[in-house]
Amino acid sequence: MYLLRLARDLFRAPGELDLPLDVEIADDRTVRVARVHRDCTIWMFNEQYLIKLVSIPLFGNKVIVSMDWLRPNEAVVDCEQQLVQIRTPSWGELMV
């Protein structure tokens with residue numbers, strides 16, 4: 001299970017992106033987003049990651065991870081297997 005600790009980080013006022021993003025979501029809608037919570041902490045399987053979260057109006061708590069997070073964490077995306085391999089901060093591997 002994923003353990004996400006976001007609440008404390010989200011109490012701080014969000015900032016603004018330099019340029020708004022147009023995000024296409026699953027129901028073929030496109031939403032424009034500009035609010036960002038920088039320097040948030042996300043915990044996955046007892047590993048802590050620093051991430052910035054962009055507020056997207058979706059139902060429930062969802063996290064969409066951007067390419068600028070995947071690259072420094074040496075993520076490898078395997079579309080055929082529907083897996084993402086991530087290098088953990090402790091130099092292990094995490095398969096999601």
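**Note on strand pairing, turns and cysteines**

1. Leu-21 stands opposite Val-33 in strand 2, and this contact of positions belongs to the antiparallel pairing of strand 1 (residues 15-24) with strand 2 (residues 30-44), which runs over 6 bridges. Strands here are DSSP runs of E with at least two residues, numbered from the N terminus, and two strands pair if DSSP finds at least two bridges between them.

2. This is a predicted model, in which local features need pLDDT of at least 70 and side-chain atom pairs count only at pLDDT 80 or more, while totals for chains, interfaces and linings use all residues. Residues are numbered from 1 along each chain as its sequence is written, and side-chain values use heavy atoms, with hydrogens and water left out.

3. The hairpin of strand 1 and strand 2 has 5 residues between the strands, and Asp-28, in that loop, has a positive phi near 70° although it is a residue other than glycine. Asp-28 is exposed, at 64% relative accessible area (exposed means over 50%, buried under 20%, partly exposed in between, with a 1.4 Å probe and protein chains only).

4. Strand 2 also pairs in the antiparallel sense with strand 3 (residues 47-54), over 7 bridges, and Ile-42 stands opposite Tyr-49 there. The hairpin that they form has 2 residues between the strands, and Phe-45 in the turn has a positive phi of about 50°.

5. The structure holds 0 disulfides, a disulfide being a pair of cysteine sulfur atoms within 2.5 Å. Cys-40 is buried, with a relative accessible area of 0%, whereas Cys-79 is exposed, at 65%.

Technical notes:
Helix = DSSP H or I, 4+ residues; strand = E, 2+ residues; numbered from the N terminus.
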